[in-house]
Amino acid sequence: MKSKHITLYGTALLFASFSLAAPSHALGLGQLQQPGGIIQQRVEDRTDRLIERAAERRREMPIADPVVETSVPLPQLTPELPDRILVMATDGSQAFVDVRVEDGWRAVEKQWLVVLESSEIKLLDQPGIRIIDQVPLASLGLNVVRFSVTETLDSPAAMARMLPASIFERLDRNHIYSPQTGQSQGTNRPSRPYVCNKPLVVGMVDTAIQTEHPSFSNASIVQKRFLADIAEPTGHGTAVASVLVGRLPGRSEVRMPQTTLVNASVFFSRQDLTNGATLMHLVEGLNWLISQEVSIVNISMAGPDNRLLAVVTQRMVEAGIPLVAAVGNQGPAAPPLYPAAYPHVIAVTAVDSFNRIYRWANQGTHVDFAARGVDVVLANGEGKFSSQSGTSIATPVVTAYLACSMGSSPTSSSNLTESLARDTVDLGEAGPDSVFGHGLVGE
């Protein structure tokens, strides 16, 4: 399995109480506090890149396939979001504020997360800090404390000055992660899907699935929502689920007809913009999936490196539950996105039906596999079918192959990767590369 690069800051949690060592890439406090230091420079550099890429993006063009209904426009990618977005509850009140933070990432405004033992919670009894709740993640063996801070404390440097080093080293923001669907490329050639007839239990974290969609007339789907009183989007999760267990136009076979799909609905709607999932809801969903005894988990979303996410995903893999994630749609020059870029997560990129790389796919040494993910006809949240593109769409193809290849006993992600690599079609440079990984999986 190839080595993967992990970015410096974007995550800053050390779980000393759970015997996890700090990684060698952690920043020193002096680096964080220096004016014009690493964080400030990375924010400036990445913001310039995001603005340049955003100016080039175009909206999805509807396909001409007569069996497919015209799709609603795909959501814009995160660089085009405003700096502040009010996320509203169903009763019209404000649930929280989605804001742009360090390095251009998104997070819940003024919210931070830390894993603490009960005896350590008193260390947060500081001016300007308000504990919101404690969330026990029993299946993961973690206790997460979510708290808010005043505006003057809402930065890594301010938190470092305020809190003991032992607490600061475990902190990170309540980051927000985005689905990875994007613009199409105008290529649409039918393909025959691989079919897995094993009775499996496959997990996913996504938007809600529109289970009444005709694509799922014979599918077995279990789902749980993790956002109370906030509108649940359905489009992205419905599309991803249809790759796995849906019946699609022009195809007589369902890819995984005997699989029970278990979905944790963790995304909120940004009104007419794209969807988002807070880290807190995401890890709650992953914790629940462990209790549902899923064999593998599909994560068709991406965002910043975050130490809580790194530890949660590592624990799931150590428990024998492989994770398959989208590399992201920020473009070939963009930095790695997570969780796909973690060494223990299987990272998937997208190609079109002619095996050309998706224009907006992230690239890097962390890429493991490529799969069809451009101009694929899938179920949508409107009860119809539409052509969709992105690394989100390619990811469940690899999830299906891996799930079907797993035996009854737990298998490590590295063993799964090595096994599947032997059955891929090499694309691009000979051998593993930063564009296609080991090569093409599936049709």
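**Salt bridges and their partners**

Modeller: Gln388 lies in strand S18, residues 385–388. This is a predicted model. Gln388 is buried, at 6% relative accessible area. Its side chain makes a polar contact with the side chain of Ser386, at 3.3 Å. The C-alpha atoms of Gln388 and Ala239 are 8.2 Å apart, though 149 residues separate the two along the chain.

Now the bridges. The whole structure holds ten salt bridges. One of them joins the side chains of Arg84 and Glu109, with 2.3 Å from N to O. This pair links distant parts of the chain: Arg84 is in strand S1 and Glu109 in strand S3, 25 residues apart. Both ends are partly exposed, Arg84 at 48% relative accessibility and Glu109 at 23%.

Next, Arg173 bridges to Glu102, the closest N and O atoms being 2.8 Å apart. Arg173 belongs to strand S6, while Glu102 sits in the loop between strands S2 and S3, 71 residues away. Arg173 counts as buried because its relative accessible area, 3%, is under 20%. Glu102 is buried too, at 15%.

A further bridge pairs Glu120 with Arg170, with 2.6 Å between the closest N and O atoms. Here two loops are linked across 50 residues: Glu120 lies between S3 and strand S4, Arg170 between helix H4 and S6. Glu120 is buried at 14%, and Arg170 is buried at 4%. Finally, salt bridges with shared partners join Asp98, Arg106 and Arg270 into one network.

Definitions and conventions:
Residues numbered from 1 in each chain as written. Predicted model: local features only at pLDDT ≥ 70, side-chain atom pairs only at ≥ 80, totals over all residues. Heavy atoms only, no water. Helix = DSSP H or I, 4+ residues; strand = E, 2+ residues; numbered from the N terminus. Buried < 20%, exposed > 50% of the residue type's maximum accessible area, 1.4 Å probe, protein only. Polar contact = N/O pair within 3.5 Å; in protein donor to acceptor, adjacent residues only side chain to side chain. Salt bridge = Lys/Arg side-chain N within 4 Å of Asp/Glu carboxyl O.
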